[in-house]
Amino acid sequence: DWTMGAYKAEAIEKIRAQVGDGKVICGLSGGVDSSVAAVLIHEAIGDQLTCVFVDHGLLRLNEADEVVTMFRDHYNIPLIHADESDLFLDALEGVSDPEVKRKTIGGLFIDVFQKHAGEIGGAEFLAQGTLYPDVIESVSVSGGPSVTIKSHHNVGGLPEKMGLKLVEPLRDLFKDEVRALGRELGLPDSFIGRHPFPGPGLAIRCPGEISRDKLEILRRADAVFIDQIRKHGLYDEIWQAYVAILPVRTVGVMGDGRTYDYACALRAVTSVDGMTADFYPFSHDFLGETATRIINEVTGINRVTYDITSKPPGTIEWE
Ligand code: XMP
């Protein structure tokens, strides 16, 4: 009989057998995957684990605080909080190509991670929350030729560079299974149910050039959209929802004045594993109310569109 409880016990034994009394470092992103990996490994080897949370300045509103509070204060997992937003945002200035963005972020992430991991000293292992779909999707399109759609942001290349061995306890799980494992580990439902968030963060929700101003507008619009979704009781029906800020400003009218502000796109999809997805069929009332709230509450946006592309042919993220 296969149960998540048995899977957890087995995974813990495997981690102990692999790691022995070695030290492990783990990059926390605030997403469900790396969080579940960290809590599982912590349960297996306690303080032999140290987590590094790299804040690249591309997180959502209040996200860094939430992650640090949860892991450091609630779980007592040793955690290094590396606030490196200036480093990342300066490096991304003038960069508009999606793959260059991804590679810039991935490269810097490795440098920063390596720098902070060095503070721990003597780590032999690197833990990652790699899932089964991550393993396949960055390699090939199923059934087709081997093509990279997007270079997934992970700490690829890091193990060799640092002479570290990989610990990947979630490697044969799909997202829904990772959530079940997280529940088994006692992570709060509010956290387990969180929508996935990509490693490159808001950078890939800001097509074209990124700026601190645009990121700030995006954060606020995104928070309103998610608030709307929660208020209408839709959060758990949706796989992922976010706002993308578009690289275009359009003319509008507010009161008796002209506005010339950014347009944004709402994105919400249902999915089982992120490999395919359908756009979420919001009611027109919901969409209208959300557009009104975003335009009224977020300075810098005067037009809201809804992205009705499914995957394929679209991808979930815009870049
Ligand atoms: P796409 O946009 O490829 O996204 O349809 C599929 C799922 O993967 C997430 N995603 C990422 N997750 N690092 C991650 O950890 C990445 O570089 C990355 N790119 C996309 C995306 O949010 C969606 O859940």
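Visitor: Which residues does Trp239 touch, not counting residues up to four places away in sequence?
Guide: Two residues are in contact if their C-beta atoms, placed from the backbone, lie within 7 Å. With residues up to four places away in sequence left out, the contacts of Trp239 are His195, Val269, Thr270, Ser271 and Ala277.

Visitor: What kind of model is this?
Guide: Residues are numbered from 1 along each chain as its sequence is written. Local features need pLDDT of at least 70, side-chain atom pairs count only at pLDDT 80 or more, and totals for chains, interfaces and linings use all residues, for this is a predicted model.

Visitor: Where is the place of Trp239?
Guide: Helices (H or I, at least four residues) and strands (E, at least two) are DSSP runs, numbered from the N terminus. Strand E6 covers residues 240–254, and Trp239 has its place in the loop between H10 and E6.

Visitor: As what does Trp239 count, with its 19 C-beta neighbours inside 10 Å?
Guide: A residue is buried if 20 or more other C-beta atoms lie within 10 Å of its own, exposed if 12 or fewer, and partly exposed in between, with C-beta atoms placed from the backbone. Trp239 has 19 such neighbours, so it counts as partly exposed.

Visitor: How far apart are the C-alpha atoms of Trp239 and Glu177?
Guide: Along the chain, Trp239 and Glu177 are 62 residues apart.

Visitor: At what angle do helices H10 and H11 pack?
Guide: Axes are lines fitted to C-alpha atoms, for helices over the stretch in contact, and angles run from 0 to 180 degrees between N-to-C directions. H10 spans residues 212–231 and H11 spans residues 284–297, with their axes 10 Å apart. The packing angle of H10 and H11 is about 145°.

Visitor: Which residues are the closest to the ligand?
Guide: A residue is near a molecule if its C-beta atom, placed from the backbone, lies within 6 Å of it. The ligand is surrounded by 13 residues, and the shell has four nonpolar, six polar and three charged residues. The closest are His153, Pro198, Thr315, Ile316 and Glu317.

Visitor: Which residues does UniProt list for "binding site"?
Guide: UniProt positions are given in the numbering used here, feature names are shortened, and annotations may be inferred rather than shown by experiment. The listing comes from an unreviewed UniProt entry and names Ser29, Gly30, Gly31, Val32, Asp33, Ser34 and Ser35.

Visitor: Why is Asp33 buried?
Guide: Asp33 is found in helix H2, residues 32–45. Leaving aside residues up to four places away in sequence, Asp33 touches Gly129, Leu131, Leu170 and Val178. Asp33 is buried because the number of other C-beta atoms within 10 Å is 22.

Visitor: How many C-beta neighbours does Ser34 have inside 10 Å?
Guide: Ser34 also has its place in helix H2. Beyond residues up to four places away in sequence, Ser34 touches Cys26, Gly27, Leu28, Ser29 and Gly129. Ser34 counts as buried because its C-beta neighbours inside 10 Å number 23.

Visitor: What is the omega of the cis peptide bond that joins Pro312 and Pro313?
Guide: Pro312 is found in the segment after strand E9, residues 301–306, and a cis peptide bond joins Lys311 to Pro312 with omega about -15°. Pro313 lies in the segment after E9. For the cis bond of Pro312 with Pro313, omega is about 5°.

Visitor: Is Pro312 buried or exposed?
Guide: Pro312 and Met275 are 37 residues apart in sequence, and their C-alpha atoms are 8.6 Å apart. Pro312 has 11 C-beta neighbours inside 10 Å, so it counts as exposed.

Visitor: What is the phi of Asn62?
Guide: Asn62 is found in the loop between strand E2 (49–55) and helix H3 (63–74). Asn62 is exposed because 11 other C-beta atoms lie within 10 Å. Its phi is positive, in a residue other than glycine, with a value near 65°.

Key. Ala, Val, Leu, Ile, Met, Phe, Trp, Tyr, Cys and Pro count as nonpolar, Asp, Glu, Lys and Arg as charged, and the others, Gly among them, as polar.
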